[in-house]
Amino acid sequence: MPNTALAAALFPNSLPTPEELEARYPARNLPEGARVTRFAPSPTGFLHIGSLYTAFVNQLTARVTGGVFFLRVEDTDKKREVEGGVGSLLKSLAAFGIVPDEGQAMGAETGAYGPYTQSRRRDIYQAFAKDLLLRGLAYPCFCTEDELSDLREEQEHEGAVQKGYWGKWARCRDLPADEAIRRAANGEAWVLRLRSSGVADKRIAFTDEVRGKIEMPENMLDAVLLKTDGVPTYHFAHAVDDHLMRTTHVIRSEEWLASVPLHLQLFSACGFKAPKYAHISALMKQEDGNKRKLSKRKDPEAAVSWFTRQGYPSYAVLEYLMCLISSQFEDWRRANPAALHEAFPFTLKKMSASGALFDPVKLIDVSKGVIAPMPGAELAARAGDWAREFDRQLADILAARPGYLAQILAIDRDGAKKPRKDISRYGEVREYASYFFDELFTPELPLPDSVTNADAAAILGEYDYSAEDGKDAWFGRIRDLAVRLGYAAAPREYKETPAAFKGHVGDVSAVIRAAVTGRLNTPDLWSICRVLGEERVRARIALAAARLV
RNA sequence: GGCCCGAUGGUCAAGCGGUUAAGACACCGCACUUUCACGGCGGUAACACGGGUUCGAUUCCCGUUCGGGUCACCA
């Protein structure tokens with residue numbers, strides 16, 4: 001048996017047998033309908049928003065069905081690996097609520113189907129590779145990079161229908177075993193290739209969970225299974241790992257769709273039952289009227305860390321992703337404001353097969369909806385945490401007055417039937433609250449059109465703020481002042497006979513508002529003044545009045 | 001270029017043989033309001049094109065166009 005000698009030469013180390021591995025990783029004992037899914041990132045340390053989306057859908061699928069969601073680190077390409085990549089990836093994922101049931105957790109690994117890091121599964125891949133070789137379904141290839149690129153060029157000239165390593169182009173396919181043994185012994189580098197069973201003009205059909213039935217030509221290529229360093233390619237590792245880890249549903253990005261014929265062939269060659277596939281469309285970005293994939297290089301918002309830095313609550317990003325996952329989500333959310341994502345009646349089939357544009361404007365709206373119901377203290381705590389990481393100056397200012405920001409943010413929020421919905425990210429809090437802090441306050445004095453400088457001076461000169469006043473008394477005082485100065489006591493009155501008045505109360509309170517806050521638009525002024533304190537309110541009014549003369 | 005996927009308002013999208021073609025975001029307007037924001041009401045705006053099939057196509061089929069993906073010892 002020439003294959004036996006070849007296999008022994010190529011894989012001299014002792015390896016487990018496929019049977020042993022099958023026994024070591026038995027079928028999972030899960031209830032009917034439970035799905036096993038996974039997220040399999042490369043440890044580049046960079047978490048793409050699209051990857052988060054994919055991970056989220058995987059997790060959701062498992063949770064909704066009472067299955068298992070695990071994480072597997074695909075570190076078969078050392079060139080891409082980044083120091084500390086796994087750790088930062090796990091951290092980002094956790095921050096966004098992606099917490100695998102199995103696999104890498106911070107510093108440890110859980111689950112009975114490990115190891116969950118591909119670089120530690122070498123023997124497992126080799127075992128199946130050797131088995132394939134033994135059964136004549138794989139062969140060593142000694143072609144060098146140069147030879148391969150020559151081949152490509154040749155095919156270019158010949159106008160070959162199908163490019164790549166196959167058929168007559170696959171020079172090492174029928175290398176005699178003794179020659180292969182000799183060359184390997186000589187130290188020639190080799191890769192292990194699949195001896196593809198694909199037949200020209202034959203097609204393969206499968207059902208994609210989101211796209212439905214798909215038909216494609218069979219895979220003809222003798223794909224590389226093991227690289228020269230003995231490490232598997234993605235394709236081979238996918239087949240071995242997802243079989244052994246008993247993945248039921250492979251949910252991944254659209255870009256993998258084209259390699260399904262290869263993957264199916266691999267599963268079949270190895271004698272594995274193929275999983276179900278779901279290819280979800282990539283998140284796109286609008287540019288020059290065209291859609292294109294969010295690019296790690298060109299688009300800062302492709303990185304999940306960008307949203308964190310901007311101060312979007314991670315939960316808001318998830319909520320937005322849910323909107324993309326299902327158009328019914330928003331209605332469901334309105335009906336179930338506090339329900340967990342996994343309670344949503346989610347199915348892969350209802351996902352859109354076309355690529356969605358990532359809409360930052362919509363995210364803002366969703367995020368406002370997430371922040372609005374937070375009590376002032378909670379929002380203040382979160383904004384404070386954010387500031388400590390991304391706005392040190394603000395953090396220091398906040399630290400000097402513990403509890404102050406909570407009071408500020410409680411205005412129009414705590415106990416309000418319609419809490420303010422004007423903050424979309426923690427990064428906006430600084431601007432939102434700036435006039436409450438003397439170090440951030442800019443004493444500008446914008447005036448409504450209907451108010452002249454002289455009138456403004458009169459208003460500020462005569463206005464007397466007292467912290468003792470309840471809201472009604474406080475406003476009554478402003479109303480009286482308005483009437484005294486020739487302004488209508490109510491907007492309605494003014495609208496009916498505009499000629500009789502200079503303006504209405506609103507104009508008068510606008511002047512006070514401007515003096516106290518430096519802006520024309522703010523939350524409830526009475527509340528603001530109470531938080532500011534009588535001393536500062538009076539000082540600001542005096543300061544503004546002085547500027548007018 | 002081969003293969004594959006996709007196409008409903010500006011965006012996300014329901015609908016999948018007969019509908020006044022939902023809803024959300026954005027935008028505009030109205031009312032409310034001491035400002036703003038929220039909430040409420042109303043409005044502008046869509047089935048890519050051409051052929052079939054059918055009594056009838058946004059829905060089914062075929063082409064076209066456009067967009068996307070893929071053709072590595074990267075994943």
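First, the ground rules. This is a predicted model, in which local features need pLDDT of at least 70, side-chain atom pairs count only at pLDDT 80 or more, and totals for chains, interfaces and linings use all residues. Residues are numbered from 1 along each chain as its sequence is written, chains are lettered from A and ligands numbered from 1 in the order in which they are written, and side-chain values use heavy atoms, with hydrogens and water left out.

Now confidence. pLDDT is the predictor's confidence in each residue, from 0 to 100. Chain A averages 92, and 99% of the residues score at least 70. I will name helices and strands as DSSP runs, numbered from the N terminus: helices are H or I with at least four residues, strands are E with at least two. In chain A, helix α8, residues 234-244, has the highest confidence at 98, while strand β13, residues 290-293, has the lowest, at a mean of 75. Where pLDDT is low, the predicted coordinates should not be read in detail. For the complex, the predictor gives an ipTM of 0.93 and a pTM of 0.92.

On to domains, with bounds that come from an automatic or database domain assignment. Chain A is divided into domain 1 (123-280), domain 2 (375-438) and domain 3 (453-548). Taken over C-alpha atoms, the centres of domain 1 and domain 3 are separated by 77 Å.

Next, the RNA. How many residues surround RNA strand B? There are 58, and the closest are R211, K227, K362, R420 and N521. Of the RNA atoms that come within 4 Å of the protein, sugar and phosphate account for 73%. A residue is near the strand if one of its heavy atoms lies within 4 Å of it. The surface near RNA strand B divides into 21 nonpolar, twelve polar and 25 charged residues. Here Ala, Val, Leu, Ile, Met, Phe, Trp, Tyr, Cys and Pro count as nonpolar, Asp, Glu, Lys and Arg as charged, and the others, Gly among them, as polar. Strand β8, residues 212-217, gives the most to this surface, with four residues.

R203 has a polar side-chain atom 2.8 Å from a phosphate oxygen of RNA strand B. For K421, a polar side-chain atom lies 3.3 Å from a phosphate oxygen of the RNA strand. With L357, a polar backbone atom is 3.2 Å from a phosphate oxygen.

Now the sheets, where two strands pair if DSSP finds at least two bridges between them. One open sheet has four strands in the order β1-β2-β3-β4, with mixed pairing. β1 (36-39) and β4 (108-110) stand at the edges with a single partner strand each, so one side of each has no neighbour in the sheet. The twist averages 25° from one strand to the next. β1 pairs with β2, residues 68-71, in the parallel sense over four bridges, and F39 stands opposite L71 in β2.

Another open sheet has three strands, β5-β6-β9, with antiparallel pairing. β5 and β6, residues 191-194, pair over four bridges, and A138 stands opposite L194 in β6.

Last, the backbone. The peptide bond from G114 to P115 is cis, with omega near 0°; P115 sits in the loop between β4 and α5 (122-134). R246 is not a glycine, yet has a positive phi of about 60°. R246 is in the loop between α8 and β10 (249-253).

Note on methods: A polar contact is a pair of N or O atoms within 3.5 Å; within protein, one must be able to donate a hydrogen and the other to accept it, and residues adjacent in sequence count only if both atoms are side-chain atoms. Axes are lines fitted to C-alpha atoms, for helices over the stretch in contact, and angles run from 0 to 180 degrees between N-to-C directions.
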